[in-house]
Amino acid sequence: MHSSPLFVVLLLPLLAISAPQGGIFPAVSDLSTSTSASSTTVVANVPIAGTGVPTLTSTTVPYPTSTPLDTTASVPDSAIAPADTSLANDPVVVGQLLLAAKAVDRLDVIPLDTSFKFDFDSPPSDTKSEGKGGRTIRADRKSFPPLVESGVSMVLGFIGPCGFNTPHTHPRSSEINVVVQGTLETEFTLENGARTIRNTLANHQMTVFPQGALHTEFNPNCDDAIFVAGFASEDPGVQQVAQSYFGFDQDVVEAATGNDFTFEGKDVEEFRSLIPANVALGVESCLKKCGLN
């Protein structure tokens, strides 16, 4: 557990005090050590001054004492300091962090330790996307400034029975998605001409959505599902496809459907009003199975 050669090196000068004038330090072969839980003992053959007669010299060095860590003690929730959200969504703070000359200088911009804590149960404002099917909460550099220059961010998703995270893309990062409760069905397509990749993820299983890939997650069961999504960007961005598509000019929406299928102007407006907020409820068969409207 302890390195006895270190003690040997430290004790050599002490042992040499009783060596005859002009003598030498004892050879390493003349030394022996023994250790216990509280000390190390060094024994050496050192000649008696003026006689040349060897004698045994023993020195015991105690280890410093410390109070052992109590690993059985529990910390009540009431004793845990809440996460500080005073810096969240503050563009001035983000700007100061981006302009800091050195990494250590960023600590001066974030003086509180609790500012380095993000609470997904009590997140800052403007971090949640919520619909009838559940909610997602994002921790990016805007909502959690300590992420500046870290190159990472995270989303925690709570998907209710038959809920789904509607098809979307992340323009600036790939995503790794881990199910930590329940089951999710996932789909993604990389680009035009690529096949659609489909998987069912059980608890503690993961998939990847490449950067820019159109993807979605669906909870096919009647129990809640939770996923954790990690990103290789502090600002991965997100774009919901249906919501964005029907945000285009009416003429563009009509033209994009082709000559064989067209919308009248009033139909486009109706579709816009019917698009649900993310996270949405679906699919019809699941809704019937779980008794949901």
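**Disulfide pattern**

I started with the cysteines of this predicted model. Counting bonded cysteines along the chain, I get the pattern 1-3, 2-4. The structure holds 2 disulfides. I took them in turn.

**Cysteine 162 and cysteine 286**

I looked up the sulfur atoms of cysteine 162 and cysteine 286 and found a disulfide, S to S 2.1 Å. I then checked where the two ends sit. Cysteine 162 is in the loop between strand S6 (153-159) and strand S7 (163-169). Cysteine 286 is in helix H7, residues 284-290. The two are 124 residues apart, and I note the pair as a link between distant parts of the chain. About the S-S bond I read -85°, and the link of cysteine 162 and cysteine 286 is left-handed. Are these cysteines buried or exposed? Both cysteine 162 and cysteine 286 are buried.

**Cysteine 222 and cysteine 290**

Next I went to the disulfide that joins cysteine 222 to cysteine 290, S to S 1.9 Å. Cysteine 222 lies in the loop between strand S12 (214-218) and strand S13 (225-231), and cysteine 290 lies in helix H7, so this pair ties together parts that are 68 residues apart in sequence. The value about the S-S bond is -90°, and I logged the link of cysteine 222 and cysteine 290 as left-handed.

Cysteine 222 has a relative accessible area of 38%, so I wrote it down as partly exposed. Cysteine 290 has 19% relative accessible area; buried means under 20%, so cysteine 290 counts as buried.

**Aromatic pairs**

I turned to the rings. How many aromatic pairs does the structure hold? I find 5 aromatic pairs.

I took phenylalanine 164 and phenylalanine 218 to begin with. Their ring centres are 6.4 Å apart and their planes stand at 70°; over 60 degrees counts as edge-to-face, so I recorded the pair as edge-to-face. Phenylalanine 164 is in strand S7 and phenylalanine 218 in strand S12. They are 54 residues apart, and the pair links distant parts of the chain. Phenylalanine 218 is buried, with a relative accessible area of 13%.

Then I checked phenylalanine 188 and phenylalanine 209. The ring centres are 6.0 Å apart with the planes at 75°, so this pair is edge-to-face. Phenylalanine 188 sits in strand S9, residues 184-189. Phenylalanine 209 sits in strand S11, residues 206-209. I count this pair too as a link between distant parts of the chain, 21 residues apart. Phenylalanine 188 is buried at 12% relative accessible area. Phenylalanine 209 is buried at 1%.

I also noted a cluster: ring pairs link Phe118, Phe120 and Phe144.

**A charge over a ring**

Which residue lies over the face of phenylalanine 158? I found arginine 135 there, at 4.1 Å from the ring centre.

**Whole chain**

I list 7 helices and 15 strands. The chain has 293 residues, and 33% of them count as buried. I looked at contacts between residues at least 6 apart in sequence; 67% of these join residues at least 24 apart. The accessible surface comes to about 17800 Å². Carbon and sulfur atoms account for 57% of that surface.

Terms used. Residues numbered from 1 in each chain as written. Predicted model: local features only at pLDDT ≥ 70, side-chain atom pairs only at ≥ 80, totals over all residues. Heavy atoms only, no water. Helix = DSSP H or I, 4+ residues; strand = E, 2+ residues; numbered from the N terminus. Buried < 20%, exposed > 50% of the residue type's maximum accessible area, 1.4 Å probe, protein only. Contact = heavy atoms within 4.5 Å. Areas by Shrake-Rupley, 256 points an atom, 1.4 Å probe, with all protein chains shown as cover. Disulfide = S-S within 2.5 Å. Phe/Tyr/Trp six-rings, centres within 6.5 Å; stacked < 30°, edge-to-face > 60°. Lys NZ or Arg CZ within 6 Å of the ring centre and 35° of its normal.
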